[in-house]
Each structure stands twice: as C-alpha cells, then as structure tokens.
Amino acid sequence: PDNPVLGCVLENIKFSNAFHFSLGEISGEFLTKTEATLSLMLRILFKMKDTRHTAWVIDTKSSLEMCQKICVTRGECWKEGNVYGNPGHKLNRSVIRRSMRGNIEIGHLVMKIEQKLENFIEKSKFRPWDTLKLLQTFLRLSVHELNRNMTEHAGLPEMPEELLKIRLTSAQFNAVWQQILDTLNGRLVPYTTLVEVMCGGNLKQACWGCLIEVTVDEFTISKLLIARSQCPVLMFRNVWVVLCDGPMCAEEVKEEISAYESDLEALYMRIGLFEVHVGACICDYCGLPGSSGNMGRRCSRCLTKVYCGVECRDGDWVVHKLVYCGEECGDGDWVVH
C-alpha cells in the first residue's frame, strides 16, 4: 500500500494492432486527456486489487466491471484516433462524445461502490480511491467542458465583474486537468498534492466570502455538497472559488455561488449546445465554430469539408485529399458562407 508506483496493465489487456498510433504506455503520448485518464484509472484499480484495498474488496464484482468498462471505453477512444489521426480539438471532442456512455457507466459504478464505503476513512496518504474519483470527475466534467468551450468561441455575453473573476474558463479547466495527469505520472502521489494542484499550486487560499485565509482540505463539483461542507472547500465546476466553513459564509455566500453555477450552466447549454450546433458551421479540423460571426468556408470542389481558415484546411489536407477531393485545393476553392 505504501508503494506509489502504478504497474503496467497491458499484459492484462487484449488489443488489436490495427491502429496507426502507439499506445500511450509505450510512447508516453496519449491521444487525448480522456484516454490518459482512463489509462490511469485502470492502473489504480489494479493497484487496489493487488493491495486488497477496501474499495475493491467491498464490491469486487463492481470493481471488475469497472475495469471492463474502462477497457471498452478506451477502445472507443482508439477507434476515433484511427478515424481522425490528427490530434487536436476535433479528435478531442469526438473522443469525449464517443466515450460519453462508457464514462457515465463508469461513474455509476463509482457511485455504487462509494455508497458501500459510507463510513470508510482512507488511511493511506495516497488515497487511491479518492484519486480515482478525482480522475472520474474530470471525465464527467469533460462533457460540460464541450459546451463551455463552444460558448467561449461563439462569444460570451456581458457578465458582472464579480462573476468574471471566478468563472472557470475552458483554458483553465484543461490546464488543471493536464497538470493532474502530469502529476500522476506512473505513480500515486499524496492526495493533498492533487488538491494543491486543483488550487493552482497553493493550499492556502482566501475565502471568496469573508477573505479569511484558509487551508483547503477538499474540492467538490456539487452545489449540494458545497452547502453541507464542514471544512474549507474548493468549488471546481463552472466557477473556481474557495469557501470556508465559517458562519459568515455558511448560507448566503454559498447560495450566491450556487446561483452563479446554475446561471453559467444554463448559459453554456443555451449557447454551446443549442445555438452553436444549430446555427454555426463547425470546422472539420479543429472542431470549433468560427469566431466573431465567421461561419466558416466550404471547399468548392467536394462541397463537404468546412474550415474556419487556411491553417485548419492545410492541417486536414491528408485526410481531405484521400477521402474527398483527390487534388489540392487552392485559395480560390472556397465557398464563403
């Protein structure tokens, strides 16, 4: 239990060699953060199995099922990698969508095991079960991140200055996710180290409500849990803010944060999920809508591929040429929307 090294699980997995890319465990480069997260979760589960961790023993059937779901979901990531080839926003969005069902099923298994661990207290400083839950949280939030990212590219409406200061941006979310993956580079680390990463590198933070400096113990993405928190907690979902457990911040401040969370969630759903997908042309390479009203430009030869600009058109040329056009498109070969 005290050995933080995570063993390689490739010998326990049957996979096809029909993919044109190397496995992340071998090359050190994963297709997307989603695939890297799934790989880490599987390695942690096998670590828990080998050490007879309580979370594994208490529901071995669900733990084994989770291992299977992770392998199947990662296989879906590989399929997308084989289709798109080029890493970037398009592949990332496709992987998140393709793996959505599997990630939901994994989340249900995590909740099922968590319910049986009601009075369990993790004694190891590495807290492998809590680490696995943290990783699963990023998979869960990645779906919401798609809508936030689309909304930012389409253009955010005016917001109160107070909200702008604590709004979690797409760039911040992805940076923290990558930092967590980099920190868990083949080994577990003390769980407090991961919370520190979530806090931007410092557990000492000023409470948003009363400005008193506190030491953050946990983080949450739930508006319900933040209201029940009995310790300084980091809220990390649509806002990125620390709240203490003092009487000044017990109700009114937490209700204000919950309201901000709900407003941003509704905004991202309205713009990112509905308006952008219905009204905008999504670039076939980067997977993003055109900014500032740019609806994209379509190839006039195949009338199929749409790009936000020359850079994305050129980046996608290998696939474009083989599958659609058969010859190079010049600057004049655009249909402007």
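## A cavity between α7 and α12

Let's start inside: helices α7 and α12 (252-279) each supply at least two residues of the lining of the second largest cavity. Helices here are DSSP runs (H or I, at least four residues), numbered from the N terminus, while strands are E runs of at least two. This is a predicted model, in which local features need pLDDT of at least 70 and side-chain atom pairs count only at pLDDT 80 or more, while totals for chains, interfaces and linings use all residues. Residues are numbered from 1 along each chain as its sequence is written, and side-chain values use heavy atoms, with hydrogens and water left out.

The lining of this second largest cavity consists of His144, Asn147, Asn238, Glu265, Tyr268 and Met269. α12 gives the most, with 3 residues. By class, the lining splits into 2 nonpolar, 3 polar and 1 charged (Ala, Val, Leu, Ile, Met, Phe, Trp, Tyr, Cys and Pro count as nonpolar, Asp, Glu, Lys and Arg as charged, and the others, Gly among them, as polar). The volume of the second largest cavity is about 30 Å³, and the count comes to 2 cavities of 30 Å³ or more. On a 1 Å grid over the protein atoms alone, a cavity is a set of points where a 1.4 Å probe fits but cannot get out, a pocket is an open set with protein on both sides within 12 Å along at least five of seven lines, and lining residues have an atom within 4 Å of a point. Points are joined across faces, edges and corners, and a volume is the space filled by probe spheres set on them.

## α7 against α9

Helix α7 (residues 128-154) also packs on helix α9 (residues 170-183): their axes come within 9 Å and cross at roughly 155° (axes are lines fitted to C-alpha atoms, for helices over the stretch in contact, with angles from 0 to 180 degrees between N-to-C directions). That makes α7 roughly antiparallel to α9 (over 145 degrees; under 35 is roughly parallel, 65 to 115 roughly perpendicular, the rest oblique). The crossing of α7 past α9 is left-handed (the near helix is turned anticlockwise from the far one by less than a right angle; clockwise is right-handed).

On the α7 side, the contact (heavy atoms within 4.5 Å) includes Leu134, Phe138 and Arg148, and on the α9 side it includes Phe173, Trp177 and Ile180. Its residues come to 10 nonpolar, 4 polar and 3 charged.

## α2 against α7

α7 has another partner in α2, with the axes 10 Å apart and an angle of about 160°. So α2 is roughly antiparallel to α7, and the crossing is left-handed. Among the residues involved are Leu38, Met41 and Ile44 of α2, plus Trp129, Leu132 and Leu139 of α7. This contact of α2 with α7 has 11 nonpolar, 4 polar and no charged residues.

## α9 against α10

α9 also meets helix α10 (residues 191-198), with axes that come within 9 Å and cross at roughly 155°. That makes α9 roughly antiparallel to α10, but here the crossing is right-handed. Val176, Gln179, Ile180 and Thr183 of α9 touch Thr193, Leu194, Val197 and Met198 of α10. In this contact there are 5 nonpolar, 3 polar and no charged residues.

## The second largest pocket

α2 and α9 turn up again here: together with α1 (24-27), each supplies at least two residues of the lining of the second largest pocket. α2 gives the most to this lining, with 5 residues.

The second largest pocket has a volume of about 340 Å³. It's lined by 17 residues, and Gly28, Phe30, Ala36, Leu181 and Asn185 are the ones nearest its centre. By class, the pocket lining has 6 nonpolar, 7 polar and 4 charged residues.
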